[in-house]
Amino acid sequence: MIRLPQNLILNNKFIPKTSSYYHYKRKYHASKAVLETLVEQQKTETPIFKNNVKFRSLILEVLNTTPSQREAMSYIKRFTLPHRKPPVPSTSTSVEIKKSAIPENDLKEVQLEKPQHLPKEKEFVDSLFETKCEHIALIKVQGPFTSLDLKSISNTLVRLQNLGLMPIVVLDNDEWSELLKLGHSRFSELTTWMREDSANVCEALENAGGRATPVYSGIFNLAHNESEKIDNIKQISSSIDVSLSWLNSSLKLGHIPIILPVALDEFSTQRTIHPNSGMIALSRSLSNACLDLKTSYLEPMKIIVINSEGGVPSEERKGSHVFINIQQEYEDIKRSYKENPQWKFTHPTGLENFEMIKTCLEGLPSTTSAIMAPAYSPRGLINNLITDKPLFSSSLPLMAPTTPSTATTVIRYGMPVTYHNSLSTIDIPSLNSLIEASFGKKLDTKGFIDRMKKRLDLVIVTGDYQGAAIVSMEGDVPYLDKFAVSPNNQGIGIADILWKQLQIRYPNLMWRSRCNNGVNKWYFERSDGNHRIPGTQWMMFWYGNDGINKLKDYVETAKNIPPSF
């Protein structure tokens, strides 16, 4: 039986034994132990895991992303083979797991979380590592790269393919930019350079155990003969027709296509186009193609940029933005680039790539996400594939010593954010349904609304009531009364969007939560202080510099507000 130490080390960080962190650590161990046990058992049954180094390495890569059990099952649901039946759920018993692999209490916890949905061991691993339904990732590989970076990129692309995400690669190189501006006059020189880069990428993919096919022409067709302006990428992309005749053969053979940004004009003359125009045109055509081919798997589920710059630079934190909700933050990011001229040197193509991603996501489902990652650290792509999340939450306190920095940015087209200072502009039934679904309890609607009529300060709503934060004023104390995210929309960044808006509008904020609330770990990480109120069921939290000075007021506020459920 595994015994946990009194003080825990998680991701190389020291964590004292508190109830919330200890509970989290136990769940982490249980989830990982489930995967490790299943893999060990599968290795004894299937020779591929015993003898094939590539698949053993892939298993470790997946385990190193430390997904939760819910995230692992969500990944399997998204990537299970369409022609296979899903794993048969257990009926009277949970998955049989050797008790020697997991502490008894942790085993009970795992069984309580998913008692009837865990598949059998062999089917679990089969689903995890035999995913060949080929969801599409449209990837711009933007050099120049060192040989080590190219090796790292190639290994990552092959792993993505083995995990069920088929890369379609469009080549770019920052050093092509001047020749691209000169257009047809330097076409021969530029295309020779492009072919050399393509050969290098194909060779690196072959060395990584993959298969690649260079596609030099026959994909892009210009509707009219005119030179492309780099500052007019979106307009030019709308005049590009795309042929997808090559796609089925690439998918059937399992070859990663390496596409050069070369197009035929109306006179059948080859011309170079900007790679971002090619990305936009491909995204649009693949999305439309799925309607004709009767499958959703050809529609890109990821738009990826791998470059030397990394993600979109941030004014607020060291490194890059962790997560961007385009519908809300697009104008702010454009403004930031104007106010930070140094970014033209440190991140010269960041805004250009961000604009390209925005255009691609506008025509794709809301579930599609994008990611910008540096070539020297593309491992975040594996984590994002399994968890569909950033490497860490973007709402963690910026100044906290435990908050990491990143050069990788996850981007979603997202949803709009609206602000309400009165109940008169609120859809009360929708808000009520959201709160009840989020808390899993019946709301005392009349009592809650009556109190809000007197105390409401602000309601922040994301999308069509997928999430909401409700702040009341209790005297001069801003109090977070409700923080709700729809269960059907968890994991797509709504909580981080709401929390960021709260921090912008309220430099000091307090709230309370029941001591047994499973969300408390999330609150602990985002608060500057907490206090368990004696004689009550409440744990009180706050952030901001006023917390210590107003502790007495905060305690009285938390004690006197009547429960809403």
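Predicted model: local features only at pLDDT ≥ 70, side-chain atom pairs only at ≥ 80, totals over all residues.

Biologist: At roughly what angle do the axes of helix α7 and helix α16 cross?

Modeller: Angles under 35 degrees count as roughly parallel. Here the axes of α7 (residues 147-162) and α16 (residues 380-387) come within 9 Å and cross at roughly 15°. That makes α7 roughly parallel to α16. As to hand, α7 passes α16 in a right-handed crossing.

Biologist: How do the axes of α7 and helix α9 cross?

Modeller: The axes of α7 and α9 (residues 187-207) come within 8 Å, with a crossing of roughly 60°. That angle makes α7 oblique to α9. The crossing of α7 and α9 is right-handed. From α7, the contact uses L150, S154, L157 and V158; from α9, it uses N200, V201, A204 and L205. The residues of this contact divide into six nonpolar, two polar and no charged.

Biologist: Is α13 roughly parallel or roughly antiparallel to α15?

Modeller: The general idea is that angles over 145 degrees count as roughly antiparallel. The axes of α13 (residues 326-339) and α15 (residues 350-362) come within 11 Å and cross at roughly 160°. Therefore α13 is roughly antiparallel to α15. The hand of this crossing is left-handed.

Biologist: Which residues in α13 and α15 meet?

Modeller: On the α13 side they are I326, Y330, I333, K334 and Y337, and on the α15 side G350, L351, F354, E355, K358 and L361. By class, the contact of α13 with α15 has seven nonpolar, one polar and three charged residues.

Biologist: Let us turn to loops. Where is P313 found, and is P313 buried or exposed?

Modeller: A residue is placed by its flanking elements, and its burial is then judged by relative accessible area, with under 20% counting as buried. P313 lies in the loop between β11 (300-307) and β12 (323-325). Because its relative accessible area is 3%, P313 is buried. Apart from neighbours within four places in sequence, P313 is in contact with G319, S320, H321, Y337, W343 and H347. One of these, Y337, also belongs to the α13 residues that meet α15. P313 and G350 are 37 residues apart in sequence, yet 7.8 Å apart in space, C-alpha to C-alpha.

Biologist: Which residues is L423 in contact with, leaving aside its neighbours within four places in sequence?

Modeller: They are I428, I449, M452, K453 and L456. L423 itself is in the loop between β15 (417-420) and α17 (428-439). With a relative accessible area of 16%, L423 is buried. C-alpha to C-alpha, L423 and D457 are 9.9 Å apart in space and 34 residues apart in sequence.

Biologist: How many helices and strands are there in the chain?

Modeller: The chain has 21 helices and 21 strands. Of its 565 residues, 54% are buried. Among contacts between residues at least 6 apart in sequence, 73% join residues at least 24 apart. The chain exposes about 26400 Å², of which carbon and sulfur atoms supply 51%.

Notes
Residues numbered from 1 in each chain as written. Heavy atoms only, no water. Axes fitted to C-alpha atoms, helices over the stretch in contact; angles between N-to-C directions. Helix = DSSP H or I, 4+ residues; strand = E, 2+ residues; numbered from the N terminus. Parallel < 35°, antiparallel > 145°, perpendicular 65-115°, else oblique. Left-handed = near helix turned anticlockwise from the far one by under 90°. Contact = heavy atoms within 4.5 Å. Nonpolar A, V, L, I, M, F, W, Y, C, P; charged D, E, K, R; others polar. Buried < 20%, exposed > 50% of the residue type's maximum accessible area, 1.4 Å probe, protein only. Areas by Shrake-Rupley, 256 points an atom, 1.4 Å probe, with all protein chains shown as cover.
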